[in-house]
Amino acid sequence: MIVFKKLTFANILSVGNQPVSIDLDTFKTTLVHGTNGSGKSTILDALCYALFGKSFRGVNLGQLLNTQNKKGLLVECEFIIGKNSYLVRRGMKPKVFEIYKNTELLDNTAADKDHQAHLENNILKLSYKSFTQIVILGSSNFVPFMQLNSAGRRECVEDFLDIKVFSTMSIMAKERLRGLKEQLRALESDIDAHEFKVQVQEDKVKDITQRDDKEVEELQSKIKELTQQLVKAEKNLGESLEREEFIVKEMNSLGEDKLKEKAKQLNIVITKMNTQIERLQKNKVFYEDNTSCHTCGQDIAEDVRDQHITEANDKLVELDAASIKAVEMLIKEQSSLGLVEDHKKRLTQYKQESYEVQTDIKYCNKGILEAEKKIRSIQSDTTSLDKEEGILLEMQREVYELKDKKRQLVEDISNHDIVNGLLKDSGIKTHIVRKYLPAMNKAIRYYLSELDLPLHFQLDSEFNEQVSSPLHQDFSYQSFSEGQKGRIDLSLMFTWREIGRLKNSVSTNILFLDEVFSSSLDEVGKDCLLTLLRYKLPDNQRVVVVDHNLSESFKDKFDNAVEVTRTSGFSRYN
């Protein structure tokens, strides 16, 4: 329970430098009264500003500052919760926001927003909307419970029943679920990327394996082809060597050196015979053409001339026959030498062919050896394949881990879906609300009866009203007069305070009624309300009525009265 002790404020609205202190716990009923515009409702703005950093009447924060002094706005609110006493100080120019617990200043290094959240969630455990529903009932900028939208009504009731934690949990669960789903989407994207990498790696391993197999197959095919070429080349080499051997034998049988020597000798003989023939022909011509010796001048006998001519002719015949025979023999020898030259050419050709075949054989043998070596290297060296298969296994392991993580994440999401379902407005909270609905409706009817409005007014689990009475068939809240609405609003306020007291969640010792008596209540309603405030509320409850009624008879009905006057533009609380 929050027990408000004192409210002190200065330089707020029409209140000046002189601080105003209002005792909130000494008197059961207190009347704050004054003429219109005197500044009596400033107490409500000061209280809301101290606790929530906003005004009750919707005044802009900058306009809360006293327009004459323009600085030094400071509000202090003292209250007790359990065994702990608190002091909240808030102000402008200079800016102040301090919370003291048992005279010790709480850490205020956080942002004002976070500091305010700590005050509302951990200390007061009240939102501004709920605070105005159970602490202040006013005619200015106050939205009665029945005029709130469904979300606003639910928020207030959750505060009263101390089940707002479920809404907070629901928000957290939704955020967590959203985060999990985002993680799932990111994880699925990651899995897709990893699976693509695995597929690429599998293709790479397959390519390496196929490439090795293909290369081995190509090498084996090459070995086969080279082997066939080798066999053919060796066969050709054998044939070529046989031909060479045959030619060599032929050449040896011809005896080139002997042929050359014989041809040489024949050339010499032929030359000598041609020389003799030439000399004989000269002698013959001499004896035929001359009758005397041209050297000595003596005559040559006819018989001598005939003898010499006959001898020359005989010798020429003999030499011509010998020469012809020698030439024939030379031609034969030259023919044999020509055959030897032909054999030589053929031998050279065969040797060239043998060389080329031997080169082919060397090429084939070298190619076969290199191919066999490459095959052994491919079959024995699996380093590259082992490495890529190792990378593939690691990738597959990562995909497995990601999928396992996804499975766990999907399970978490399913669990959070269940939790979200339980934390929805239609879940746990609805069951709790339904549990308290009978007590709420009973309290509402009790307070309506106390305020002289006997009707069967109750709320359903969605906090919509249901009205039934002989005079009010098919009525709703909006169907009632302003005075009846005022009674309903008061009944709801007292009900929420009662529920808060039962739950010990948002209960407080203070109740502010701003211009309630001067608004829509008739005299009977005012009397009923005064009776309720003075005699039927628990002894620890304190009521502060803010009103412009200045009659002494009205003032006498309160345990304490504070009159507010306006002097020289400043409000004075007496």
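Author: Let us begin with a single pair of residues. Leu 459 stands opposite Glu 465, which belongs to strand E10. The model is a predicted one.

Reader: Which strands does that pair join, and in what direction do they run?

Author: In general, the strands of a sheet pair through backbone hydrogen bonds, in either a parallel or an antiparallel manner. Here strand E9 (residues 456–459) and strand E10 (residues 465–468) run antiparallel and are joined by 4 bridges. The two form a hairpin with 5 residues between them. In the turn, Phe 463 has a positive phi of about 65°.

Reader: How many strands form the open sheet, and in what order?

Author: The open sheet has 6 strands, and its order is E2-E1-E4-E5-E6-E7, with antiparallel pairing. Strand E2 (20–23) and strand E7 (104–105) have a single partner strand each, so one side of each lacks a neighbour in the sheet. Helix H3 (residues 112–124) packs on this sheet and touches E1, strand E4 (73–81), strand E5 (84–92) and strand E6 (96–101). The direction of H3 makes about 35° with that of E6.

Reader: How many bridges join E1 to E2, and how many join E1 to E4?

Author: Strand E1 (residues 2–10) is joined to E2 by 4 bridges, and the two run antiparallel. Within this pairing, Thr 8 has Ser 21 of E2 as its bridge partner, and Lys 6 has Asp 23 of E2. E1 and E4 also run antiparallel, and 8 bridges join them. There, Leu 7 stands opposite Cys 77 of E4.

Reader: Is Cys 77 buried or exposed?

Author: One reads this from the relative accessible area, and a value under 20% counts as buried. Cys 77 is buried at 0%. Another cysteine, Cys 364, is buried with a relative accessible area of 2%.

Reader: Where does Ser 38 lie, and which residues does Ser 38 touch?

Author: Ser 38 lies in the loop between strand E3 (29–34) and helix H1 (42–52). Its relative accessible area is 1%, so Ser 38 is buried. A polar atom of its side chain lies 2.8 Å from the backbone oxygen of Thr 35. Not counting residues up to four places away in sequence, Ser 38 touches Ser 14, Val 564, Thr 565, Arg 566 and Ser 571.

Reader: Thr 508 also lies in a loop. What is in contact with Thr 508?

Author: The loop of Thr 508 runs between helix H11 (482–503) and E11. Thr 508 is buried, since its relative accessible area is 4%. A polar atom of the Thr 508 side chain lies 3.1 Å from the backbone oxygen of Ile 2. Leaving aside neighbours within four places in sequence, the residues in contact with Thr 508 are Met 1, Ile 2, Phe 4, Ile 134, Val 135, Arg 497 and Gln 541.

Reader: Which side chain does a polar contact join to that of Asp 514?

Author: The partner is Ser 41, and the polar contact is 3.2 Å. Asp 514 is found in strand E11 (residues 510–514) and counts as buried at 2% relative accessibility. Separation in sequence and in space may also be set side by side. Asp 514 and Val 544 are 30 residues apart in sequence and 8.4 Å apart in space, C-alpha to C-alpha.

Reader: How far apart in space are Gly 255 and Lys 125?

Author: Their C-alpha atoms are 135 Å apart, with 130 residues of separation in sequence. Gly 255 lies in the loop between helix H6 (164–254) and helix H7 (256–289). Gly 255 is buried, with a relative accessible area of 17%.

Reader: What span should H7 have?

Author: At 1.5 Å a residue, the 34 residues of H7 should span 50 Å, and the 48 Å between its end C-alpha atoms agrees with this. Buried residues of H7 include Glu 256, Leu 259, Ala 263 and Tyr 287.

Technical notes: Residues are numbered from 1 along each chain as its sequence is written. This is a predicted model: local features need pLDDT of at least 70, side-chain atom pairs count only at pLDDT 80 or more; totals for chains, interfaces and linings use all residues. Side-chain values use heavy atoms; hydrogens and water are left out. Buried means under 20% relative accessible area, exposed over 50%, partly exposed in between (1.4 Å probe, protein chains only). Two strands pair if DSSP finds at least two bridges between them. Contact means heavy atoms within 4.5 Å. Axes are lines fitted to C-alpha atoms, for helices over the stretch in contact, and angles run from 0 to 180 degrees between N-to-C directions. A polar contact is a pair of N or O atoms within 3.5 Å; within protein, one must be able to donate a hydrogen and the other to accept it, and residues adjacent in sequence count only if both atoms are side-chain atoms. The expected span of a helix is 1.5 Å times one less than its number of residues.
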